[in-house]
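Have a look at the chain first, then follow the steps.

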Amino acid sequence: MLEKSFVQEKKTPKPSLSEVIKKKDYKGLSEHLEEGIKDYLDSDTFQNYLDFVSKFHKYSQKNVRLILAQKPTARYVAEFQSWKKLERHVRKGSKAIYVYAPYFKDKVDKEGNKVTDENGEIVKETRYFLTPVFDVSQTEGKEIPKPVYNLSEDMNDSKKFTQTYKALVELSPVPVSIQPITNEANGYYDPAKKEIVVRQGLGEIMTLKVLLHELTHATLHTDSQAFFGDPTYRRQEFEAESVAYIVSNHLGLDTSDYSFGYLSSWTDQGNKLEELTTSLETITTQAKGLIERADQLLNRVYTLDAPKNKFEERLARARGQELPEPRTPSKEYEVADPKVHRPTKTL
Amino acid sequence: MDNLTDESKLIIVQFFLDDPTSETPRIHSKKREKRKGTVLKELDTLIHDLEEIETDIDLEPYKEAAKILRKLRGKDEYMSFVDELLQPYLS
């Protein structure tokens, strides 16, 4: 009797992310990231992503996901030399985190001649390579600079709120007003009238959060025809809420009341996973733009208000550093004071 | 230059950038004028520092970049090498 032999089909275990990176398997890494998007349907993973972007908004969603896939607790990353310039050193034995960095080159044909387009311009091509960086937690040394403002500490100071409110109004592409609203909404963006209305009497923190949410609609969903309950409407709400969360977090506002339960039913709501990748990119880009412009305005106004440190001035001069010209208030802050109810300790 | 991998070329280019790991890299106007000795010194120091901290980074592309830089003879050869590397970033 013939013995039937079975050759058990061995499944090759999927290589881990660090193995893929170590092998410089770019195709494998791309697949890894593509599949990894489903992890973001978990609201904790998603919130960790938003927290990272609120603190460090230099990279696109792809690099942010790549960083967090390697080190979920990462917060600020930089290459070895940059940490050195900041007088911090990378601890011995630290495992590098890799990000994609572009490399530009002139395109050449098989004979090695440069390829030109119809206008005679040399065609460029871009390749991406993994380049090592380290997280702040892997370094030690001089303290890293903190933003000059932190709203959570200063919300009892109405001036801080007014300055922040005015800065955000400056960033708005449409007029903003604070008014009584008859329905239950805390605020809205009206695509037809091109205006943002925030409910009067919300209190300071909520006023800023609602304004950030509506600002995102006014910037990203300018002519939205979406109606309440449809998939586009829900996706737009999700994007606006995510951006508001990132920027609020960046400004130091309490974000504990945000939730992203909507994610758990992402696919049930008729959305595809690829759309989540697109939304992540949209959220990241919009938050980055808002943070950068808000930082510029707020740094300017807060530095203007801050008393000058003569010692630092002298030290900078001794080092031969150029000092900026004294700043004067600009017209940018000639926005009417917002009408909110104070104090609002229960918020 | 042709026997240098693109990865090693990127490592050299990064010494001339405003922000070496930026997704939208720009050449730093002052760094653009860096001499061969300066770039080599910075690269050798980086290789040494990375070896010192015993990290898992593959240092071969860095060493390959340093080797090619060392082989360049004279200012003209170095300048033409750098110009070709940086040109795609400038136009």
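**Exercises on chain A**

UniProt, in an unreviewed entry, lists residues 32-129 of chain A as "domain: N-terminal"; such an annotation may be inferred rather than shown by experiment. The model is predicted, so local features need pLDDT of at least 70, side-chain atom pairs count only at pLDDT 80 or more, and totals for chains, interfaces and linings use all residues. Residues are numbered from 1 along each chain as its sequence is written, chains are lettered from A, and side-chain values use heavy atoms, without hydrogens and water.

**Exercise 1.** Find the domains of chain A and describe their contact.

*Step 1.* The domain assignment (automatic or from a database) gives domain 1 (17-141) and domain 2 (151-336).

*Step 2.* Taking contact as heavy atoms within 4.5 Å, domain 1 gives 20 residues and domain 2 gives 20 residues.

**Exercise 2.** State how much area is buried between domain 1 and domain 2 of chain A, and which residues of domain 1 lose the most.

*Step 1.* Buried area is the accessible area (1.4 Å probe) that two parts lose on being put together, summed over both.

*Step 2.* Here the value is about 1,900 Å², with 68% from carbon and sulfur atoms.

*Step 3.* In domain 1, Leu41(A), Phe46(A) and His57(A) lose the most area to domain 2, together 32% of what that side buries.

**Exercise 3.** Count the salt bridges between domain 1 and domain 2 of chain A.

*Step 1.* Look for a side-chain nitrogen of Lys or Arg within 4 Å of a carboxyl oxygen of Asp or Glu.

*Step 2.* The count between the two domains is zero.
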